[in-house]
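Dear colleague,

Please find below the sequence and the structure that I am handing over to you. My notes on what was found follow directly after.

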Amino acid sequence: RKFVYDFTEGNKDLKDLLGGKGANLAEMTNLGLPVPPGFTITTDACRHYLAEGDVPDGLAAEIAVHLEALETRMGKRLGDAADPLLVSVRSGAKFSMPGMMETVLNIGLNDASVLGLAKQSGNERFAWDSYRRLIQMFGKTVLDIEGELFEAALDELKGSRQDTDLDAGDLQRLVETYKGIVREQKGREFPSDPREQMELAIRAVFDSWNAPRAVLYRRQERIPAELGTAVNVVAMVFGNIGMDSGTGVAFTRDPGSGHQGVYGDYLQNAQGEDVVAGIRNTVPLQELERIDPASYRELLDIMSTLENHYRDLCDIEFTIERGKLWMLQTRVGKRTAGAAFCIATQLVDEGLIDMDEAVSRVSGHQLAQLMFPRFSATAGNTRLTTGMNASPGAAVGKAVFTSAKAVELAGRGEPVILVRRETNPDDLAGMIAAQGVLTSRGGKTSHAAVVARGMGKTCVCGAEELVVDTRAGRCTAPGGVVVSEGDVISIDGSTGAVYLGEVPVVASPVMEYFEGGPVEDELVVAVDRIMRHADAVRRLAVRANADTPEDAARARAFGAQGIGLCRTEHMFLGDRRKLVEDLILASTGEERQAALDALEPLQKADFAGIFAAMDGLPVTIRLIDPPLHEFLPDYTELAVKVALAGDAADEKDRRLLDAVKRLHEQNPMLGLRGVRLGLVIPGLFAMQVRAIADAAKESADPRAEIMIPLVGAVQELESVREEALRILADKGVDAMVGTMIEVPRAALTAGQIAEAAEFFSFGTNDLTQMTWAFSRDDVESAFFGKYLDLGIFGVSPFESIDRDGVGRLMRIAVEEGRRTRPDLKIGICGEHGGDPASVHFCHEIGLDYVSCSPFRVAVARLEAGRAAL
Ligand code: ADP
Ligand code: MG
Ligand code: MG
């Protein structure tokens, strides 16, 4: 196996092996762009290292060969005392994990080569600056020394000066201080052997894959834990060599709006992370036109080359060394949900992609974000300040000033806004916990902005008027308004505005569009075009789960093509509880029938309302499912009431208490419910079917589908179905009769069950519960966190269909059901019906439709379209 690839050997499609950074560095190299030479150690080597605890055999030799080639090409040797080659050792996984893993710059410097570098460059200050950066980065990431220690030493030396004001002597002293820190913390000298530096840095990058913050980020972003990272070894170019040098980041379009233009930040006389870390204030990229017009023009040229080549928005990291531009990274850039839709349709109009591709470039997750409410424009709240609109949305919560506090309060269910001067990767847990993030420093490319956009979290950054005092737990806005920990603030990620107190929210334009609003603003036009195309290409129909005429009407507005699940339980609640009690307490057939007769007209009216709202579209009605004791009073309460009343206790209450006792179950989810109720309580299902039939008779164009829940054997279904068909025939009503597939036995005997069912609908909530033997109401809080930590699953099986287990049962049921009845209609009505990954799975196994909550209908339509491409 080959573990090392030169940049000339790779390309952008090798992300699995070379990571995103390595693959794109190779791609840029092969496009003839100015990339410093280097090579990539594969993710394969990393996986081996993580599994075996050591690098694979032969890796060292391969690295030696590539390093030698690099040295020959550069005409310098790594760490040579007279004229050293320096390299960076950079992490880079398949999926970008901004700032989550490690990079070490300036490898190859030591007490001897720093002098060689000073001499060769004619710039002593630069050489010592590079050396102190090496010890600092190496100390922190490779030797695991608290980064604060180095920063504190630097701050103390700087006093009120900027880092650029430090001279060679200052920096040389700083190097000594840093070496002292290493000695003190680690009981060893900073390693001066360049090869050893490189080797240790490579291992540290591998190890950083499992750093806690990287693990947390992957879980949040659903990036598989087993991918590993590649390592890029790149010849150093220097942005910290004077004012004619610098480093910057740029986007080919605005990642917030999608508009074309020049978006980025530049910092003169700086290296690496200085731009994003907010160490000094960056200048907007436009300024580069004045500072270095030739490099500016070349950069714009390269940006357009990259856009045309990747046919998408790219982000870029670059460095200018004494007027020479170098490209250090590019990738298809993260963007806000709104920008994703706008950019996709812009690229269609520019002829770079077609509509199919545009649909595949947006996601249901992004669409869902666009449906969130916004702040109302007419809020009377005090506006504290305005920062940059880094990631859209409207977030309200208590201000907190540390990640730990954010996690603590959010854990108690309190919404919080994390307020920081700037964020760094250690703030990740707090960012996840918070409703939104507010920073006083850093631009749209700062850590806070990039990470928040990736997570779809509201973010306002660079609110420079805000003075954040983390230690005191407060911040001060212009005019002296103080926000202390716990004070409620509201931040608007679409405008950058920050308000005191809670600002009321209104529906978003995209939500209004789905509810029949105008197609005017740019974003709504883009969403409309993409939705139309998704609808045109998708094979899966999309229905909604709706129990009331109001929900049904809303679902229809969102584009639902019917109801996949209408639950009838709520029709037994409220005032009707008393009728249900009568039914349960009935001691004779007459009493029971009287109770049923009283319920029937009520149910009929409910169904008529739903048929009217869904006129002409299918409505799947599930006969009553939950155990009957759910409709009875609480046992303890009733027992106390009867005991207190003593001899005077109401006769009815006594009987009720007996019934509650009799119906009590240890495992109600596995007890007397669903079809079992229908078989045990005579007349119950028949009453429901009559109500459906009578409602249908009075409706314009009803398409009823009667669904029997919790069937595990065809025999259970047969008698219920016969009775239903008899009633329908009597009434002269045409309706389908089918069943849910939610018991594993039903899936495994689907071939038999299909004999008695005209349709199947997967109830994946119960099916998951019973396949895993997980009680959904109990396990999520009890131990799912642990299971996620252990990697037993990457996402809760209640959130996204477990393809291997539950999915396998579904496949069997589809295949065997259709073998019996080729025209068997099959859908899904569990909550998974609105989950993007599950929608794709349902498409894959050939279902006819998915059904989800009304608000997820649009998401499911889009994902069904994407699945079909
Ligand atoms: P991240 O994945 O966190 O973005 P990178 O590996 O891209 O980390 O490194 C961060 C920064 O370090 C880069 O943006 C670049 O400015 C600087 N850098 C990395 N390698 C080199 C190099 N060979 N020469 C100059 N600067 C470099
Ligand atoms: Mg980078
Ligand atoms: Mg169920």
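The protein has 36 helices and 33 strands, where helices (H or I, at least four residues) and strands (E, at least two) are DSSP runs numbered from the N terminus. This is a predicted model, in which local features need pLDDT of at least 70 and side-chain atom pairs count only at pLDDT 80 or more, while totals for chains, interfaces and linings use all residues. Residues are numbered from 1 along each chain as its sequence is written, and chains are lettered from A and ligands numbered from 1 in the order in which they are written.

Along the principal axes, the C-alpha atoms of the protein fill a box of roughly 105 × 60 × 55 Å. Of its 869 residues, 51% count as buried; a residue is buried if 20 or more other C-beta atoms lie within 10 Å of its own, exposed if 12 or fewer, and partly exposed in between, with C-beta atoms placed from the backbone. Among contacts between residues at least 6 apart in sequence, 68% join residues at least 24 apart, a contact being a pair whose C-beta atoms, placed from the backbone, lie within 7 Å.

The protein is divided into domain 1 (4–235), domain 2 (246–332), domain 3 (372–506) and domain 4 (543–568 + 603–623 + 686–868), with bounds that come from an automatic or database domain assignment. Taken over C-alpha atoms, the centres of domain 3 and domain 4 are separated by 41 Å.

According to an unreviewed UniProt entry, the annotation "domain: Pyruvate phosphate dikinase AMP/ATP-binding" covers residues 55–281 and 290–337. UniProt positions are given in the numbering used here, feature names are shortened, and annotations may be inferred rather than shown by experiment. Over residues 290–337 the chain is 44% helix and 35% strand, and the C-alpha atoms at the ends are 33 Å apart.

One helix pair deserves a description. The axes of helix 4 (residues 113–121) and helix 5 (residues 124–142) come within 8 Å and cross at roughly 145 degrees; axes are lines fitted to C-alpha atoms, for helices over the stretch in contact, and angles run from 0 to 180 degrees between N-to-C directions. On the side of helix 4, Val114, Leu117, Ala118 and Ser121 make the contact, and helix 5 contributes Glu124, Phe126, Ala127, Trp128, Ser130 and Tyr131.

Two residues other than glycine have a positive phi. For Arg322 the value is near 45 degrees, and this residue is found in the loop between strand 11 (314–321) and strand 12 (324–332). Arg322 counts as partly exposed because it has 14 C-beta neighbours inside 10 Å. For Ala773 phi is near 55 degrees, in the loop between helix 31 (764–772) and helix 32 (776–782). Ala773 has 7 C-beta neighbours inside 10 Å and therefore counts as exposed. As background, most residues other than glycine have a negative phi.

Lys324 lies in strand 12 and is partly exposed, with 15 C-beta neighbours inside 10 Å. Lys324 and Asp244 are 80 residues apart in sequence and 9.2 Å apart in space, C-alpha to C-alpha.

Val215 is found in helix 9 (residues 212–221) and counts as partly exposed, because 15 other C-beta atoms lie within 10 Å. From Val215 to Tyr49 the separation is 166 residues in sequence and 17 Å in space, C-alpha to C-alpha.

Yours sincerely

Notes
Contact = placed C-beta atoms within 7 Å.
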